[in-house]
Amino acid sequence: MRRPYQPHTQKTTMDTISISLNVNGIQYKKEVEPRLLLSDFLRHELDLTGTHVGCEHGVCGACTVIMDGAAVRSCLIFAAQADGCELITVEGLAQGDTLHPLQEAFREAHGLQCGYCTPGFLMTLIPFLKENSNPSEEQIREALSGNVCRCTGYQNIVKAAMLGAERMK
Amino acid sequence: MKPPPFVYHAPKNLDEALSLLNQHSSDAKVLAGGQSLVPMMNFRVAQPAILIDLNKIKELAYIKEGSDGLRIGAMTRQRSVERDAKVANRAPLLHETVPHIAHPQIRNRGTIGGSVAHADPAAELPTIMLTLNAKLLAKSQKGERWIEAESFFVGLFTTALEPDEMLVEIRIPDLPARSGYAFEEVARRHGDYAMMGAAATLTLDESGKCKDVRLVFLSVGETPLLSSFASKVLVGNKPTPELIQSAAANTDIVPSSNIHASERYRKHLANVLGRRVLTKAYERAQQG
């Protein structure tokens with residue numbers, strides 16, 4: 001597997017912290033520098049590059065992952081804080097070659113163009129749709145208010161979310 | 001966009017956290033939900049040498065009912081506050097305001113105490129604390145003290161907390177009988193920091209005259225701003241639409257211009273939002 005450029009994960013003189021966490025059903029034990037962001041940990045330490053990094057200050061939502069059942073920004077959490085947590089990233093959605101119903105819905109309803117923001121949208125929607133199986137368009141727009149997409153204009157993302165809600169029932 | 005190195009501590013209980021804070025005080029920063037501090041560290045605006053992470057301290061996350069109001073632990077997530085039936089019942093202004101804070105992902109992680117102690121004048125929670133006359137419990141290794149919301153917010157991102165003190169609990173008193181409340185804000189997009197916002201509580205006496213009013217603005221100056229003008233105009237009088245209009249057209253608001261809005265526009269917003277929240281609070285006070 002290709003390893004991405006990773007200047008900030010080079011070990012420095014800082015003390016490292018031992019963490020143990022579950023990501024997509026797999027248990028990991030790793031040594032991390034305290035300042036390593038969870039987003040960078042997932043991408044560079046675990047090679048789970050499906051979690052995308054956009055703004056790195058909590059505005060764009062691209063790095064959203066599910067941590068202990070709740071959608072959170074992985075760029076605003078240190079990897080050290082995920083010790084003992086259960087995480088789901090976009091890689092945890094499909095079963096082998098079978099896409100998750102929400103991913104299918106995004107494909108069918110053209111809910112993505114360049115796809116950069118899509119993992120964040122999916123990971124935001126999964127806990128939301130589990131709690132709201134019959135969401136209104138307005139509720140979906142509110143749930144997605146913290147995710148930025150620069151291609152679609154959001155219309156088809158909302159349609160995909162509606163379709164996904166039906167499929168996930 | 002990566003934070004500078006720091007030494008990380010994750011104490012398991014409050015005593016341990018207070019001891020660490022006592023030991024490191026001004027070199028250390030307390031990490032609550034991290035939804036303001038971590039972006040500041042990513043930008044390297046904040047470069048604390050030591051970080052004391054409170055997220056493992058379960059004893060600081062609770063919402064309890066007391067005889068005269070609510071007690072909320074500082075590490076209670078904003079999402080929990082938003083969804084709690086006790087908060088909806090006993091502190092409806094807080095309940096109505098929390099959904100205006102950023103986005104669901106931020107509220108899943110952000111805490112009530114973190115936002116209050118961060119003291120951003122454009123944030124909703126400090127404004128609500130001031131509007132509701134909340135009392136804030138600060139603890140250090142030396143002991144504890146209660147701080148009134150009115151003396152807690154002392155400047156831009158600055159509170160009355162000493163370097164060795166930590167905010168641990170927020171007490172929100174019940175509103176008196178015949179009280180109403182309201183919150184409104186204007187932001188470019190839902191969840192963005194507001195260009196202007198206003199919160200109000202209004203209490204009537206038995207004859208229907210205004211007994212007490214608190215009108216607080218956010219995003220105006222260095223702290224949330226309690227309008228003394230509104231109480232001068234309204235207290236002792238029946239809040240007619242004309243009187244509410246003049247109470248909201250206050251002179252003690254001097255917002256500054258920035259790239260998002262001019263001073264003139266923000267002053268206009270303050271007048272409009274002030275009128276709206278006072279009107280709604282009055283309507284609700286008449287019903288309750």
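Helix α12(B) buries a run of its residues, among them Arg266(B), Leu269(B), Leu273(B), Val277(B) and Tyr282(B). In this predicted model, those buried residues pack against β11, β12, β13 and α11 of chain B. Here is a quick tour of that region, followed by the contact between the chains.

**Helix α12(B)**

**Strand β12(B) and its neighbours**
- Because 9 of the 9 residues of β12(B) are buried, this strand is largely enclosed by the rest of the structure.
- Met196(B), Ala198(B), Ala200(B), Leu202(B) and Leu204(B) point one way, while Gly197(B), Ala199(B), Thr201(B) and Thr203(B) point the other way.
- β12(B) pairs with β11(B) in the antiparallel sense over 8 bridges, and Thr201(B) is the bridge partner of Tyr181(B).
- β12(B) also pairs with β13(B), again antiparallel and over 8 bridges, with Ala199(B) opposite Val216(B).
- The hairpin of β12(B) and β13(B) has 5 residues between the strands, and Gly208(B) takes a positive phi near 90° there.

**Where the chains meet**
- Contact between the chains involves 23 residues of chain A and 25 residues of chain B.
- Strand β4 (residues 70-73) of chain A gives the largest share of chain A's side, 4 residues.
- By class, that side of chain A has 10 nonpolar, 10 polar and 3 charged residues.

Key
Residues numbered from 1 in each chain as written. Chains lettered and ligands numbered in written order. Predicted model: local features only at pLDDT ≥ 70, side-chain atom pairs only at ≥ 80, totals over all residues. Buried ≥ 20, exposed ≤ 12 C-beta atoms within 10 Å, placed from the backbone. Helix = DSSP H or I, 4+ residues; strand = E, 2+ residues; numbered from the N terminus. Contact = placed C-beta atoms within 7 Å. Nonpolar A, V, L, I, M, F, W, Y, C, P; charged D, E, K, R; others polar. Pairing = 2+ DSSP bridges.
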